Amino acid sequence: MPEIASRNHIEAISRVAKKALEEAKIDWEELNAITPTYGPGLVGALLVGVSYAKALAFAKKIPLVGVNHIQGHIAANYITYPQLKPPFLCIMMSGGNTQIIQVKDYTKFKVLGKTRDDAIGEAFDKVARVVGLGYPGGPKVDQLAQEGQPNITLPKTHFEEDTLDFSFSGIKTAVINLHHKMPYINKADLCASFQKSVTETLMENLEKAVKQTRIKTIVLAGGVSSNSYIRKEFLDLEGKGIKVYMPDLKLCTDNAAMIASAGYYNYIAGIRDNLDLNAVPNLKLNE
Ligand code: KG4
C-alpha cells in the first residue's frame, strides 16, 4: 500500500531523526552533511526522505548528498569490515533486486548480471505465503528449512553460457504448483529444497563472474544475505581461494546506517546535490 507507506514515513521521520541523534549523542549543529536515499524505491516514501533532507540541508547550511539505495546495501559491509576496500564483486539480494555488481570504487559500479523476472527475496516471500508461513517470508523459510531435507528436485532456469542473469519465477511457480498438487508435502523439505536450489543458481553465476573478471573478493548484500544457508554456502567458497565478506545480520535488511555509510563515501568523493534533488524510483547505479 504505497500511499499508506508514504503517510507512515511522514508521521515517523522527525521522531526517528531526533531519536537517532539522541542515541548517537550528537547535536544538530554537529552534522557535516545529510545523505538521503533518492532511489530506487517507492516514489512517495522516497519523496518524504528527500524533502526532509533538503529542508535540513537548507536550514543548517550543510551539504546535501544523495545516495542510491543499492549502494547503501553494499556500503553496509564497510561498517562490518572497516578494512574492506573496492574493487570486489557484490551479490546483491533483496526484496526488489538481485544483481551481480562489479564494485570498481566506493562510488563506481558496473552491473554484470541481474534477474530477468522476480527478485530472490520476492520468490522467498511468495513461497512462504503459499505454504502458509506469512510475511516477511524469507526468515520463516530460512527457519523451517533447518528442520527439512533438500530432497525435492526443483527446476533451475539457465540462460546463454556467457550471461550472468538470473530468473527465479520458474522455481517459485514450481514450488507453488507442487504445494497445490500435493497439499500434504513436507513443508520443511520443500523450503530446504527451494533454498538449496536458489543458492546453487546464485553461486553458479557468481563463480562465472569470478572467472570472467578474475576478481576473487566477494561481498554479500541485501536482506536475503541474512539467510543462514546462503551465508554458510558462500563461506565455503573460501576453500576455493575466494575471500568472502557478509554484513552483520542487523545490517543486511534495510537500515539507515548503511545509507549513512554510502553517504560518507559519496561525501569524501566530493559528490554534492542541489536543492532540486528529486526522487528517482528506478535509479541506476553510477557506472
Ligand atoms: O534488503 P531488504 O531489507 O529490502 C529491500 O530493499 O528489498 O530485503 C527484504 C527481503 C524480503 O524479501 C525478506 O523476505 C528477505 O529480504 N529476507 C530473507 C531473510 N531475511 C530477510 N530471505 C531469506 N532468508 C532470510 N533469513
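Biologist: Which residues of α9 do H69, Q71, G72, H73, A75, A76, Y78 and I79 in α3 meet?
Modeller: Helices here are DSSP runs of H or I with at least four residues, and strands are runs of E with at least two, numbered from the N terminus. Contact means heavy atoms within 4.5 Å. By that test, the α9 partners are A257, M258, I259, S261, A262, Y265 and N266.

Biologist: What kind of model is this?
Modeller: Residues are numbered from 1 along each chain as its sequence is written, and side-chain values use heavy atoms, without hydrogens and water. Local features need pLDDT of at least 70, side-chain atom pairs count only at pLDDT 80 or more, and totals for chains, interfaces and linings use all residues, for this model is predicted.

Biologist: How many charged residues are in the contact of α3 with α9?
Modeller: Asp, Glu, Lys and Arg count as charged; Ala, Val, Leu, Ile, Met, Phe, Trp, Tyr, Cys and Pro as nonpolar; the others, Gly among them, as polar. The contact of α3 with α9 has nine nonpolar and six polar residues. The charged count is none.

Biologist: Is α3 roughly parallel or roughly perpendicular to α9?
Modeller: Axes are lines fitted to C-alpha atoms, for helices over the stretch in contact, and angles run from 0 to 180 degrees between N-to-C directions. Under 35 degrees is roughly parallel, over 145 roughly antiparallel, 65 to 115 roughly perpendicular, and the rest oblique. The axes of α3 and α9 (residues 256-268) are 7 Å apart, at an angle of about 90°. So α3 and α9 are roughly perpendicular.

Biologist: Why do α4 and α6 count as roughly parallel?
Modeller: A123, K126, V127 and V130 in α4 meet K172, V175, I176, H179 and H180 in α6. The two axes come within 10 Å. They are roughly parallel because of their crossing angle, which is roughly 5°.

Biologist: Which residues come nearest to the ligand?
Modeller: A residue is near if one of its heavy atoms lies within 4 Å. The shell divides into three nonpolar, 12 polar and three charged residues. Of the 18 residues around the ligand, the nearest are G95, D125, D142, G223 and D254.

Biologist: How far is an oxygen atom of the ligand from a polar backbone atom of G95?
Modeller: A polar contact is a pair of N or O atoms within 3.5 Å; within protein, one must be able to donate a hydrogen and the other to accept it, and residues adjacent in sequence count only if both atoms are side-chain atoms. For G138, a ligand oxygen is 3.0 Å from a polar backbone atom. For G95, the value is 2.7 Å.

Biologist: What percentage of the ligand's area does the protein bury?
Modeller: Accessible areas come from the Shrake-Rupley method with a 1.4 Å probe; for residues, only the protein chains shown count as cover. Taken alone, the ligand exposes 560 Å². The protein buries 87%.

Biologist: Which residue does a cis peptide bond join to Y135?
Modeller: Most peptide bonds are trans. Here omega is about -10°.
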